[in-house]
Amino acid sequence: MTGPIPARPASRPPRPDGELERLRAAWAPPAGWRRISSVNNVFIGKLYIATAFLFLLLGGVLALLMRAQLAAPSQTLIGAPLFQQLFTMHGTVMMFLFAVPMVEAIAVYLLPNMLGARDLPFPRLSAYSFWMYAFGGLAFYATLFWGLAPDSGWFMYPPLSSAAYSPGLNADFWLLGIGFIEISAIAGAIELITGTLMTRAPGMTLGRMPVYAWSMLVVGGMIVLAFPAVIAGTALLEIERAFDWPIFDATRGGDPLLWQHLFWFFGHPEVYIIFLPAAGLVSTMVPALARTSLIGRQAVVAALIAIGVVSFLLWAHHMFTAGLGGLGMSVVSILSVAIAIPGALQVFAWIGTLWRGRLQWTTATLFLIGFLVTFVLGGLTGVMLALLPIDWQVHDSYFVVAHFHYVLIGGMVLPMFAAIYHWLPLWKGRALSERAGRWVFGLVVGGFHLTFFPMHIAGLLGMPRRVHTYAAGLGLEWPNLLSSLGAAVIAAGVLLFVIDVVRSQRGPAREHHDPWTSSTLEWLPSELYGTRSIPQVEHHEPLWHRPELHEEVKAGAHWLPGTISGGRETLLTSPVQARPLRVVVLAKDSLWPFLAAVGTAAFFLLMTVKSVAGTVAGGVLAIVALCAWLWQTDRAPPVEDAEAAAGVLLPMGASGRQSPSYWAVVILIVVEATIFASMAFAHLHVAMRLEVCPPPGVGLADTSTLAMQTLGYALSLAFAAWAGAGAWRAPVPRWRGALMAPAFAMAALAFHDGLRTAWPAERPPTLDAWTGTLAALHGLQGLQLAVAAMLALYYGARLASGLIRPRQHATREAVVLLWAWVCLQGVATVWWPRLAA
Ligand SMILES: [Cu+2]
C-alpha cells in the first residue's frame, strides 16, 4: 500500500463477538511437556533470560574460586592446571554464554512489544537459537568436571593453543564448543535485523523508533560482520590441530599473528556488541525514570551508529605489543581515543536528561547512576590504554583486568540489573522489593569497586594476569585481599537479588500496569499475542503523546484486532516509513526447532570427542529436523486480502523483496561471504609473507582453465534458476524438480576441476601455510557443495510435490539466492590464488 499513513480510527468500531477468544486461542501455548515446542517470543524470551542469568552465576562461581586462591600469597588451594581452566572458562562463559546471549535474550523478550509486533518474523529461529545455546552451553560448562575445560585463555592464542602445546581435548572443546554459540548468535541477529526493519507498528518511522531498537539494529549488523571472522579463525585453528595444516605455525610459513587479527577483528566489536544494547536500554530507561524526553535523541542514535562502524577499525589495539608497524599503530591509537567521543556524547545526554527531569528514585535509577560512574572510570582507563607507551607498560597486567571489568560489568551488567528492576513488572505483573533492591545495589556496586579498583594498583605494581599465585613482599598482599573480599560482597548482593526474584515472582501472573509511566509501547496491556490490537504510532514517545492508547489498543480499536486466518499473524510495514504493507502468518509452535537444536549441539560436541557415529547422528537429526521445520513453511495464505483495520484491506502473505525470509537469506549470504573473506584474507596474509609467490614448484591454473570452471558454475546457476522459473505466474510443472540434478552436477564438476588444478599433488596441505590455507579455502567450498546437495534434494522434492506456485515461492527465491552464492564463492575460490599471488 502506498500513499499517506492511514490515520488512527476516529471512533471505536464495534468488534465481533468472540474475536478476542479466537486471538487467544491462536496464540495459546501447548500444554504439559509439549510446552517445550512453544516458539512464542514471550515464552522463549523468559527462558532465554533465565538461562543467560544462570551462566552469569556459573561464571561468577569460577571467579570466586580464583579470588579464594589469590586472597593471600603462595596459597595452594588451587593448582596451576585447574587455575588455567578457571580463568579460561570464566572469560569464555562470561563473554559467549552470558553476555551475548543475554543481549539477544532481552531483545527476544522486549523488542516485539516495544515495536508493536505480535512476534518477530521467525519465532522458530529464536527457539532454535535458544535451545542450541542452552544445551550446548551446559554441556560445554560440564567439561570442567572432567578436567577437559579449555585452558589457553579465552582468546586462545596459538602457538599455546596449537597441538604441540595443548595436546588434550581441552582446546578442541573451545574451538568446536563455541561453534554452536556462534551459529546461535547469528540466528538471533537475523531475527533482530528483519524484525526491527519489517515488523514495526504502523507509523513508527525510523525516526520514531525507540533508541533501544536502534541499538539492536546496529548490534545485529555488527554480529553479522564480526562473528564470521571468529568462525573462520576457529575453523582454521581446529583444522591445524586436527590435520596438521600449518596455518599458524611460523616454522612452516604460517603466522600466529594471523589468529590475533582474525580473533580481534571479532573480539573488539564484540565488546560493543555487549555494550550498545545496554546503552540502548539505558536510553530507554533514563527518560522514563526522569519523566522527560531524552536530550539529543538523534545525536544518541548517530553515536550508536558511529561506535558500531568505528569499532571495526580498532582490533589492532589488542596487538600493540605484537610488533606491528609504527604508523598503523598510531592510527589505531588515535581512533581508539576517538571512540570515547561518541561514548561520552551518550553519557552527557543521559546525565543531562536525569538532571532536567523529575527523577524517580527507584533501584533502577540507583543502578543507572552506578553504571554512569563505573563506566566513565572504565572509559578513562580505556583512553589511557589506547596510548601506546601506557599499553606497552601495563600490557597483560592486572591494570588491563581492572579496565575491562569496569567497562564490561560497568557497561553491561549494571545496566542489566537496572533493566531487570525496571522491566520485571512486565513478566508477571510483580515488581521486585525496592527495600531489598537498595541493599542489592549497595552490595553489588560497592563490592564491585572494592574488587576491581585495587586491581589497577596491583597491575601498576607489576602483577601479571593469569598467574595462579604470587610471592609475598611485592606489595601485592593488600590489593589482592581487598579484591577477594570485594568478590564475596558482590556474591552476597547477587544472592540477595536471586532470593528476591524467587520470592517476588511466586504466585499467579497478574495484569501488569505501567509503574514508571513510561513512554514506550511495551507497557501497553499485553498477553502472549502482544497487544490486543497493534497501535498506530504518531510520535517517538507514543504513550506520553497519547495516553489513550492504553484503552484504545485494549479495546481492539487499532490494527489487526483479532486473527484473520485463525493463526498467528503480524503486520509487515515498510522499513523506513513503517507504512502497513501486508499481513503475514507466523510459524506455529513446533518441536522441530527444539530437535534441530539438540542435533546441532550434539554434532559440535560429539565431533570434539571424535565420536564419529555420534557426530553423524547429531548432524542427521539436525538436518532432518531443519527440513521438516522448513517444509511446513511457505504455504499460500488462506485468504488473498485481509481487513487489517476498519476499512483497510491488505494483501496476506509476502514473497520476494517484501518478505522477511528473502532478507533473512540475504543476511545469511553476507555471513557466508564474510567467512569466505576471512579465509581468503588468511591465504593472502601468508602469501604476502612469502619471498616468492606462488611458492617454487607451483604452477597456478591458467586463465582458460579458470574460465571453464567459471562457466561450469554459471551453467549450474542457470539450471537452478530455470527449475522454478515463472512461479509467480503459474504453478511450476513437477518435472522441473529433475533440473536440480544437472544444476548440482555442473557445480560438482567445476569444484572437482578446481580442486585438481589448484596445486600439484606432491604438495600436501601439511607442507606449508600457503598450501594449507588454499586447501582450507577449497574445504570451505566443499562444505558449500554439501549444502548445495541438500538444497538440491530439498528443492527438488518441493518442486516435485507441486509446492512452488504463485503466492508460494519464497522457497524458490531463497534457494536461487543461496545457489548463486555457492557458485559465486566457487568462482572466487578458484581465482583467488592467482589474484593473491
Ligand atoms: Cu578493543
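**Labels and their cut-offs**

Modeller: Start with strand E3, residues 569–573: five of its five residues are buried, so the strand is mostly covered. This is a predicted model, where local features need pLDDT of at least 70, side-chain atom pairs count only at pLDDT 80 or more, and totals for chains, interfaces and linings use all residues. Residues are numbered from 1 along each chain as its sequence is written, and side-chain values use heavy atoms, with hydrogens and water left out.

Biologist: Which strand do bridges join to E3?

Modeller: Strand E4, residues 580–585, which runs antiparallel to E3 with five bridges. Two strands pair if DSSP finds at least two bridges between them, so E3 and E4 qualify. Threonine 573 has proline 580 in E4 as its bridge partner. Six residues lie between the strands of this hairpin, and alanine 578 takes a positive phi near 55 degrees.

Biologist: Why is leucine 450 called partly exposed?

Modeller: Its relative accessibility is 31%. Buried means under 20% relative accessible area, exposed over 50%, and partly exposed in between (1.4 Å probe, protein chains only). So leucine 450 falls in between. Leucine 450 lies in helix H14, residues 434–460.

Biologist: Why does tryptophan 131 count as buried?

Modeller: Tryptophan 131 has 9% relative accessibility, so it counts as buried. Phenylalanine 594, with a relative accessible area of 13%, is buried too.

Biologist: How many aromatic pairs does the structure hold?

Modeller: It holds 47. One of them joins phenylalanine 130 and tyrosine 133, at 6.5 Å centre to centre and 65 degrees between the planes. Rings of Phe, Tyr and Trp (its six-membered ring) pair if their centres lie within 6.5 Å; planes under 30 degrees apart count as stacked, over 60 as edge-to-face and the rest as tilted. So this pair is edge-to-face. Both residues lie in helix H4, residues 123–142, three residues apart, about one turn of the helix.

Biologist: Why is the pair of tryptophan 131 and phenylalanine 594 edge-to-face?

Modeller: Their ring centres are 4.9 Å apart and their planes stand at 80 degrees, so the pair is edge-to-face. Tryptophan 131 lies in helix H4 and phenylalanine 594 in helix H18, residues 592–608, so the pair ties together parts that are 463 residues apart in sequence.

Note on methods:
Helix = DSSP H or I, 4+ residues; strand = E, 2+ residues; numbered from the N terminus.
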